[in-house]
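Dear colleague,

Please read the notes alongside the coordinates.

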Amino acid sequence: ELVFDLPELHYPPRLNCVAELLDRHVAAGDGARVALYGEHEQWTYAQLQERVDRIAQVLRGPIGLVPGNRVLLRGTNTPLMAAALLAVLKAGLVAVPTMPLLRTRELATIAAKARVDAVLCAAALRADLDAVPDLPRVVHFGTPDGALEALMAEAPATFEACDTAADDVCLISFTSGTTGVPKGTMHFHRDVLAICDCFPRHTLRTRPEDVFIGTPPLAFTFGLGGLLLFPLRVGACAVLLEKPTPDTLLQAIGRYRATVCFTAPTSYRQMAALAAGHDLSSLRETVSAGEALPVATREAWQRATGLAMIDGIGSTEMLHIFISAAGAEVRPGATGKPVPGYRACVLDAQGRPVGPGVVGRLAVKGPTGCRYLDDARQRDYVCNGWNLTGDAYEMDADGYFYYRSRTDDMIVSAGYNIAGPEVEDALLRHPAVAECGVVGRADDERGQVVEAHVVLRQGFAATPELAAALQEFVKGEIAPYKYPRRVVFAATLPRTETGKLQRFRLRQP
Ligand code: 3UK
C-alpha cells in the first residue's frame, strides 16, 4: 500500500484556504517577496493581499453578496484576475471560473447551471458575456472600463478572511467538455489546500525560490493549481501570460528565469522544435498534463532541453494531478504511480479489480473527489468512494499505470481492441509528422477501421506515397494490425482550449 493517509492532509474543521495561501506569508514577514508577475506589473505578497482584500470588500459591500453566493469569473491570466479569484474565496463566496474562449451560448449555460449571483469580467472579454440574457450584476475590470478598480479605490484596504468550514464549497469548476457538454464540479476549501499538499509537495518538490510559468488558463484547474495555488502555498511566485504561444512562452522562460513550466503535450512538442537559441537554463522541472504524453514528445523535449518531463494525469473532477512520476521514477510510456495521498486501481466492466497487464477502467480515491452539480452524473462517476475517470488504463507488476485511451474512445476493428494514442505515438516518431489524431471510422466489413489525421511538418507534401510510407512505418513500430488503414492529411487538428484533441470532431463525416 502506498502512502495514503498523510498527516499534512488533516485540516482543521474551520478553514479559509486563502488565509493559508496568502495571509500566512504576509503575517510571517514575507510580504515583500514577489507573488505574481503580469505582462505589465509585478506584485509582492503584500500588494496581492491588499488587492484581494479590497475586492473582497467590494464583493461583500457595494455588490452586496453574502457567504455562499456564487461569482462567475471571466478573464485571461493576469494578476488582477488571480486577485479576483482569491477574493471570492476569501470572502466566503463560491468562484465559478470560465475559460476565456467560451462564447455567449456556453457562458449562458454555465451561468444558469451554477445559478450565479454576480459576475466579474475582464473588460476586453465583455462582448460575448454582454449578450448572455438574464445575468445578475456584472462588474468589469481592466482597461478601458476599470469599474472594479474604481470600487476598489473606495473600499477598505483590509479584509479578514471569512470564517468558512473546511468543507464549504469554494469553487465550481466546469469540465472543458471533450464531449461538448460542460459539467460543473464542486470543491471545498480543504480540497484547494489538499492538491497543494499532494502533487507539488511530493512529486514536483516545490520550493520558495521557484518561478512558475505556463499556458493553462486559471479557469482550468490545471492552470489554477500550477500557476496560482502551488506557488502561493510555498511562498514562490508565478508569471501570468495572457495569450502565450510556444515562441512567447520560450522567451518568457528566459526573461523571468522560470524554474517550473506547466503546459500540454502538443505545446512541448512545438516548443521542442523552436527551443534552439532560447535560454532555458533556469528550468528545473517541466510538467505535462491534459492529454497522454507521447514517448516521441518526451524524447524530443529531452533532446532539445536536456530535461526529463513530469507527466501527470489530473481531472476537473479530482481538481488536480493524481498519478505522476518524476526523476528516477519516470518510465517512458507510463503516466507513473499514484501521487502520495491518492490510491488507484484498474477495474473490469463489473467493477472488480484486474491484475497487472490487463486494460480496464481507472479508479482513483484520495483527499479530493468528484461532486457534480448534477446528481444524475454523480452515480456514473463515483462508485464505493472510487472515482471512475473514464480512462482505460493498464497497471504493471511494479505498480506503474499506463494510459491506453479514453474508455469510450477504444477502437474495435475486426475484433481487435486498438487504442488510438498508441497509434499516434508510433506516427509521431516519423520525421514528417508534426501532429496527429487517430480515431475509429465506421466500416461495414471490420466494424471500425483505424483512421489517422495527420498534420505534416514544413517541407513534406501530402501525397499518396507519403500516406503509404506512414502506414508501413507504423507496421514496423507496433503490431501491424494496428496500422491506420486510412490516412487523412489536415492543416490543423480540432483542439479544446485546454489542448485536448477533440476526437468526436475527427469522427464526424
Ligand atoms: C485526460 C490525461 C493521459 C484524461 C487536468 C491536470 O486534464 C485535466 O482535466 P480535464 O477535466 O480532463 C481530464 C481527462 O484528461 N488526461 C489528463 N491528463 C492526462 N490522459 N495522460 C495525462 N497526463 O482522459 C482525464 O480523465 O480537462 C489535468 C490537472 C488538472 C486537470 N483538470
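Domain bounds here come from an automatic or database domain assignment. On that basis the protein is divided into domain 1 (8-29 + 39-197) and domain 2 (410-507), whose centres, taken over C-alpha atoms, are separated by 41 Å. The contact takes five residues from domain 1 and six residues from domain 2, where two residues are in contact if their C-beta atoms, placed from the backbone, lie within 7 Å.

This is a predicted model, in which local features need pLDDT of at least 70 and side-chain atom pairs count only at pLDDT 80 or more, whereas totals for chains, interfaces and linings use all residues. Residues are numbered from 1 along each chain as its sequence is written.

As for the helices (DSSP runs of H or I, at least four residues, numbered from the N terminus, with strands being runs of E, at least two), the axes of α2 (residues 45-60) and α3 (residues 79-90) come within 8 Å and cross at roughly 60°. Axes are lines fitted to C-alpha atoms, for helices over the stretch in contact, and angles run from 0 to 180 degrees between N-to-C directions. In α2, Leu48 and Ile55 are among the residues that meet α3, whose partners include Ala83 and Leu86.

Around the ligand there are 24 residues, of which Phe222, Ala289, Gly314, Ser315 and Thr316 come nearest; a residue is near a molecule or strand if its C-beta atom, placed from the backbone, lies within 6 Å of it. Strand β13 gives the most to this shell, with four residues.

Best regards
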